[in-house]
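Me: I would like a close look at a single part of this protein. Please set out the details in one connected account.

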Amino acid sequence: MLEAFCESAGLWRVPLPTPTLPPATMTNHYFVGERQAVLVDPSAPAQSSHDKLAALLADTQNHGIAVQALFLTHHHRDHSGAAADLRARFGLPVWAHARTAELLPDLAIDRRIEDQDIVAENADGSPWRAVHTPGHAPGHLVLWHARTSVIVAGDMVAGEGTILVDPSDGNMGDYLASLEAMAHLQPHTLAPAHGQVLHEALAVLTHYRLHRLAREKKVLDALPRTWTDADVLLPAAYGDVSRMAWPIALRSMQSHLMHLAELGHAERKGAQWRRLN
Ligand SMILES: [Zn+2]
């Protein structure tokens with residue numbers, strides 16, 4: 001049954017219903033690797049989803065696949081919500097970045113994964129390496145398979161919906177730098193946590209970066225030199241976005257304003273902002 005989910009060598013995608021950011025309704029649970037493998041982003045809450053994963057896990061043995069851990073790309077619930085339950089049910093350890101562990105104090109993290117750690121291996125011995133890509137979340141990791149030029153991308157990009165860089169736990173400057181770092185790997189394929197696998201990887205990464213930079217310029221252009229409440233900027237900076245999405249847009253805009261402040265273009269006083277140069 002596992003073959004039905006195969007995307008490329010050593011990569012299987014199993015979308016399961018998870019409470020996530022609309023319009024997405026699923027989180028892709030990936031089996032990554034062969035000789036050594038991990039199950040990425042255990043998050044689906046339903047017992048029926050756990051039963052499906054249990055059946056697939058049993059099937060991995062028929063394929064000579066050795067799943068050795070549950071791997072978290074980051075701490076958000078739609079990536080980690082079922083980790084405790086599945087850790088208990090499958091007897092698999094949980095692996096994540098140290099910053100993810102910090103943000104999930106109630107979850108036992110058995111191994112702290114660092115940038116460039118090998119976390120899985122295909123049958124030919126080619127490694128899947130973790131790459132630290134902070135920005136959407138401080139402990140965000142992607143998995144890079146150089147042999148097939150595939151990145152398991154977590155929430156760095158989305159095949160459905162958008163990626164929110166939330167001011168509470170995200171950092172726009174880091175996110176932009178991480179998109180660039182991923183592009184430097186020259187991937188062909190991005191396997192995101194939500195939606196379909198994306199095959200024009202470089203074009204997607206470039207589009208995401210340019211889209212954010214264009215939005216940031218709109219925010220800066222809208223920002224006056226007098227102290228202003230952030231929400232006043234929304235019509236000018238996000239006028240092309242449906243009003244229903246404005247609450248999310250406001251959070252995204254705050255991340256842009258914080259980045260503009262880091263760059264010396266904006267200044268903050270409480271809930272108000274002004275342009276500096
Ligand atoms: Zn997330």
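Which residues of H1 are buried?

Reply: The model is predicted, so local features need pLDDT of at least 70, side-chain atom pairs count only at pLDDT 80 or more, and totals for chains, interfaces and linings use all residues. Numbering starts from 1 along each chain as its sequence is written.

Helix H1 covers residues 47–62, which is 16 residues; helices here are DSSP runs of H or I with at least four residues, strands are E runs of at least two, and both are numbered from the N terminus. From first C-alpha to last, H1 reaches 24 Å, close to the expected 22 Å, the expectation being 1.5 Å times one less than the number of residues.

The buried residues of H1 are Ser49, Leu53 and Leu56. They lie on the same side of H1 because they cover an arc of only 65° around the axis, the arc being that of the directions from the helix axis to the C-beta atoms. A residue is buried if 20 or more other C-beta atoms lie within 10 Å of its own, exposed if 12 or fewer, and partly exposed in between, with C-beta atoms placed from the backbone.

These buried residues pack against strand S2 (11–17), strand S3 (26–33) and helix H3 (83–90), where contact requires C-beta atoms, placed from the backbone, within 7 Å. The face of H1 turned away from its buried side carries exposed residues, including Gln47, Asp51, Ala55 and Gln61. Just after H1, Gly64 takes a positive phi of about 70°.

As for the setting, the protein chain has 8 helices and 15 strands, and 44% of its 277 residues count as buried.

Terms used. Contact = placed C-beta atoms within 7 Å.
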